Amino acid sequence: MWGRGRLEGEFIVPKQHRLAAAIALVCALTALTVPGTAFADPAPTPSATAPAQPRTLEEVGKQIDDLYRQAAAATDAYNLAEEQTKQQSAQIVQLAQEIVKGQEKIKRLKDQAGATARMQYRNGGLPPGAQLMLSGDPETFLTGADALRQGQQAAQGVLGELNRTQADLAAYSKDATAQWKNLEANRVKKEAAKKDITEKITAAEKLQDQLKEQEKQRLAELERKREFDSQTAWLSTGILKEINSSASEQGKKAVKFATDQIGKRYVWGAAGPDTFDCSGLTSQAWIAAGRGIPRTSQEQWARLPHVAIKDMRPGDLIIYFADATHVGMYIGDGAIVHAPRPGRTVTITGAGSMPILGVVRPDK
């Protein structure tokens, strides 16, 4: 249906998934084609996220898509701040442990220095060298001079180690303070992103709720047809003739994990086990395959090796839209598995059904 019937001879898309996708495409092909379907104006309600009320069903669909896209971008910002918060928290714990070790070491070194001072006091306050000179015994002087030299070196070593430890302790404290500031900054970013996500999703759902059931069905048909047209145009370039690479062993494991999640709900910020957002699905799939990758679609695009579309293989990640705010996993035969958006579930769709930014390979 998307192209060849097999995943390059190694992964077969389950029949029930093919059937469901085929039914969806048939619906798209038989969809009504009358342009500019009228859409009754809803009662005017002020909204910061949706200032202009759409007048046609097509405009409603576009505005809903735009809101969900904006929510996806905010979700990426939230996920990145969350990931950085986890890393910074771990670093603060490590720094705190180093500070405790440093404080214990300083106490031990000061105790050693104090013991030396107390010994000198017991000897009448005279320096060890002066005591040797006054001893009047040449043999005692020679033996003591060697011990004195060793003792002075040891004392200098204690003082040097004490200075280094104090400098390390100051550096640890400075780093910990900086990490606390970063932690607070990321907390603020997370709260702002969360507010943005909630507003965009609420506005999109409000637009959907204002539609009659027949209009919702028609809107779904228009969306399926748009995806089908995009996929058909992508396939018409002959791209599948060039894509013939087999999945790696890790790629097979990642594909299996991702396809096993089909039917689970999309929830922004979620990374399993029962709900996922788009990058939560792909990152967890590759963790299951034994390779950790960045949490967000934008970081996956920025930090993972890029490969040409013609060279992609099952398990590779396809990044969508110019701002890299969506990601799906290529499973072969011109298809991806992905977590689409709020209100949807993990599903299989055409790899070319959305604007492709590029492809990245986690196990390159």
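This is a predicted model: local features need pLDDT of at least 70, side-chain atom pairs count only at pLDDT 80 or more; totals for chains, interfaces and linings use all residues.

Biologist: What makes helix 8 a mostly covered helix?

Modeller: Eight of the eleven residues in helix 8 are buried. Among them are Cys-278, Gly-280, Leu-281 and Trp-286.

Biologist: Why is Ser-279 called buried?

Modeller: The cut-off for a buried residue is under 20% relative accessible area. Ser-279 has a relative accessible area of 1%, and is therefore buried. Ser-279 belongs to helix 8, which spans residues 278-288. Beyond its neighbours within four places in sequence, Ser-279 is in contact with residues including Asp-76, Asn-79, Arg-295 and Val-327.

Biologist: Why is Asn-186 called buried?

Modeller: The same cut-off, under 20%, applies. Asn-186 has 3% relative accessibility, so Asn-186 counts as buried. Asn-186 sits in helix 4, residues 138-209. When residues up to four places away in sequence are not counted, Asn-186 touches Ala-81, Gln-84, Thr-85 and Gln-88. Asn-186 and Gln-88 are separated by 98 residues in sequence, with their C-alpha atoms 9.6 Å apart.

Biologist: What makes the sheet open, and which strands are its edges?

Modeller: Six strands form the open sheet, in the order 3-8-4-5-6-7, with antiparallel pairing. Strand 3 (306-307) and strand 7 (347-350) are the edge strands, since each pairs on one side only.

Biologist: How do you know that strand 4 is paired with strand 5 and with strand 8?

Modeller: Pairing requires at least two bridges between the strands. Strand 4 and strand 5 have four bridges in the antiparallel sense, and strand 4 and strand 8 (residues 356-360) likewise pair antiparallel over four bridges. In strand 5, Gly-328 is the bridge partner of Ile-318; in strand 8, Val-360 is the bridge partner of Leu-317. The hairpin of strand 4 and strand 5 has five residues between the strands, and Phe-321 there takes a positive phi near 70°.

Biologist: How do you know that strand 5 and strand 6 are paired?

Modeller: Three bridges join strand 5 (residues 326-332) to strand 6 (residues 335-338), and at least two are required, so the two strands are paired. Gly-332 stands opposite Ala-335 in strand 6. Helix 7 (residues 249-260) lies across both strands, at about 115° to strand 5.

Biologist: What makes both faces of strand 4 covered?

Modeller: On one side Leu-317 and Ile-319 are buried, and on the other Ile-318 and Tyr-320 are buried.

Biologist: Which elements supply the largest nonpolar core?

Modeller: This core has 24 residues, and those with the most contacts inside it include Ala-254, Trp-286, Leu-317 and Met-329. Helix 7, helix 8, strand 4, strand 5 and strand 6 each supply at least two of its residues. Helix 8 gives the most, with four residues. A second, separate core of 17 residues includes Ile-64, Tyr-68, Ala-74 and Ile-201.

Biologist: Why is the contact between Asp-65 and Arg-341 called a salt bridge?

Modeller: The criterion is a side-chain nitrogen of Lys or Arg within 4 Å of a carboxyl oxygen of Asp or Glu. The distance for Asp-65 and Arg-341 is 2.9 Å, N to O, so the pair qualifies as a salt bridge. Asp-65 lies in helix 2 (residues 57-122) and Arg-341 in the loop between strand 6 and strand 7, so the pair ties together parts 276 residues apart in sequence.

Biologist: Are these two partners buried or partly exposed?

Modeller: Asp-65, with a relative accessible area of 22%, is partly exposed.

Biologist: What makes the contact of Arg-341 with Glu-223 a salt bridge?

Modeller: The N to O distance is 3.9 Å, and the limit is within 4 Å, so the contact counts as a salt bridge. Both Arg-341 and Glu-223 are buried.

Definitions and conventions: Residues are numbered from 1 along each chain as its sequence is written. Side-chain values use heavy atoms; hydrogens and water are left out. Contact means heavy atoms within 4.5 Å. Axes are lines fitted to C-alpha atoms, for helices over the stretch in contact, and angles run from 0 to 180 degrees between N-to-C directions. Buried means under 20% relative accessible area, exposed over 50%, partly exposed in between (1.4 Å probe, protein chains only). A nonpolar core is a set of buried Ala, Val, Leu, Ile, Met, Phe, Trp, Tyr and Cys residues joined through side-chain atoms within 4.5 Å.
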